[in-house]
Amino acid sequence: MSYNLLKGKRGIIFGALDENSIAWKTALKVYEEGGVFTLTNAPIAMRMGKINELAAACKTEVIPADATSEQDLNTLFSKSELVLGGKLDFVLHSIGMSPNIRKGKEYGDLNYDWFLKTIDISALSFHKMMQVAEKLDSMNEWGSIVALSYIAAQRAYPDYTDMSQAKAMLESIARSYGARYARLKKVRVNTISQSPTRTTAGAGISGFDAFFDFADMMSPLGNASAEDCANYIVSLFSDFTRMVTMQNLMHDGGFSSTGITQSLIDRLSK
Ligand SMILES: NC(=O)c1ccc[n+]([C@@H]2O[C@H](COP(=O)([O-])OP(=O)(O)OC[C@H]3O[C@@H](n4cnc5c(N)ncnc54)[C@H](O)[C@@H]3O)[C@@H](O)[C@H]2O)c1
């Protein structure tokens, strides 16, 4: 059911690779709620992915951009304003990639050039897009910018390696830029710390099934799905959350506040 929560709002959605992507589900929800937006992804991902199918379903355009390139980001924000007919009200950063994880490197054997690439793609790109948006004055007052994080920013997970540091930096950038953008233009900036979710990025982490199942058992409501996450993002883009900024918002079925669940006690006591 649609409530037209985003009627009249314009934005950019980064990171829809295929129908499992959190950004893909979010694009469909934002469209359903009346928002208009451009879609973007790295040129290489667009060749492999199916983003044009999504663009057709949402009656929109795809503008390729490597999120680590300031030049690409400049083109993306300027073109989006032209295509959409005005300044922007929302931006979704749904981007993550670690070459070290892709190549199966252990935490004690990281390649540092790749580590820097992980940080650049998964964290610094968030700062870059906001700096570009600020310089171009692309955002409307009371706009909302959201990035996706994971609880490995606060806790140790064996196979999440350098992505843990990238997520810690991502959350820190949300606080620092959130303070700045609030003062300059009343734009809010938040991260959502999402449950493990079966997507290309998620399933790339070794041991993913084990920590997906563990998190599910340790969350009183169970793991939050990508659809639930899309709904939460819509609420953060809407006018109902205008005073929420500089937060890392837990979207995890209660996982982060749980010591142990009854179902886990029952299971372990058998
Ligand atoms: N899947 C999970 O378990 C989970 C849990 C918590 C947070 N997250 C976060 O959610 C976000 C979205 O991931 P997802 O799970 O939907 O997986 P996904 O693989 O569908 O999305 C990741 C996206 O990042 C894009 N990307 C990579 N390098 C890029 C670059 N240089 N420029 C632009 N885009 C680039 C990819 O093309 C892809 O579209 C990521 O930040 C991820 O870390 C995922």
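## Exercises on a predicted fold

Arg-198 sits over the face of Phe-212, 4.0 Å from the ring centre; a charge counts as over a ring if NZ of Lys or CZ of Arg is within 6 Å of the ring centre and within 35 degrees of the ring normal. The model is predicted, so local features need pLDDT of at least 70 and side-chain atom pairs pLDDT 80 or more, while totals for chains, interfaces and linings use all residues. Residues are numbered from 1 along each chain as its sequence is written, and side-chain values use heavy atoms, with hydrogens and water left out.

### Exercise 1: rings

Find which residues are linked into a cluster by ring pairs, and which ring has Arg-242 over its face.

*Solution.* Start with the pairing rule: rings of Phe, Tyr and Trp (its six-membered ring) pair if their centres lie within 6.5 Å, with planes under 30 degrees apart called stacked, over 60 edge-to-face and the rest tilted. Next, search the whole structure, which gives nine aromatic pairs. Then follow the links: Tyr-150, Tyr-157, Tyr-160, Phe-208, Phe-211 and Phe-212 are joined into a cluster. Phe-212 is also the ring that has Arg-198 over its face. Finally, turn to Arg-242, which lies over the face of Trp-142 at 4.2 Å from the ring centre.

### Exercise 2: the chain as a whole

Work out how the radius of gyration of the chain compares with that of a compact globule.

*Solution.* First take the rule: the radius is taken over C-alpha atoms, and a globule is given 2.2 Å times the number of residues to the power 0.38. For 270 residues this comes to near 18 Å, and the chain has 18 Å, so the two agree. As a further step, look along the principal axes, where the C-alpha trace spans about 60 × 45 × 40 Å. Now sort residues by relative accessible area (buried under 20%, exposed over 50%, partly exposed in between; 1.4 Å probe, protein chains only). By that rule, 51% of the 270 residues are buried. Last, list the elements: the chain has eleven helices and six strands, taken as DSSP runs (H or I, at least four residues, for helices; E, at least two, for strands) and numbered from the N terminus.

### Exercise 3: helix α1

*Solution.* Helix α1 covers residues 22-32, and its buried residues are Ile-22, Ala-23, Trp-24, Thr-26, Ala-27 and Val-30. Next, apply the salt-bridge rule: a side-chain nitrogen of Lys or Arg within 4 Å of a carboxyl oxygen of Asp or Glu. Lys-29 and Glu-32 meet it, their closest N and O atoms being 3.7 Å apart. They are three residues apart in α1, so about one helical turn separates them. Lys-29 is partly exposed at 22% relative accessibility, and Glu-32 is partly exposed at 35%.

### Exercise 4: salt bridges across the sequence

*Solution.* The structure holds ten salt bridges. In this one, the side chains of Asp-239 and Lys-9 meet at 2.9 Å, N to O. Asp-239 is in the loop between α10 (226-237) and β6 (248-251), Lys-9 is in the segment before β1 (10-14), and the two are 230 residues apart. Asp-239 is partly exposed at 45% relative accessibility, whereas Lys-9 is buried at 12%.

Repeat the steps for Lys-50 and Glu-19, whose side chains form a salt bridge at 2.7 Å, N to O. Lys-50 belongs to the loop between α2 (43-48) and α3 (51-57), and Glu-19, 31 residues away, to the loop between β1 and α1. Lys-50 has a relative accessible area of 31%, so it counts as partly exposed; Glu-19, at 34%, is partly exposed too.

### Exercise 5: positive phi

*Solution.* Asp-137, a residue other than glycine, has a positive phi near 50°. Thr-161, in turn, has a positive phi near 30°.
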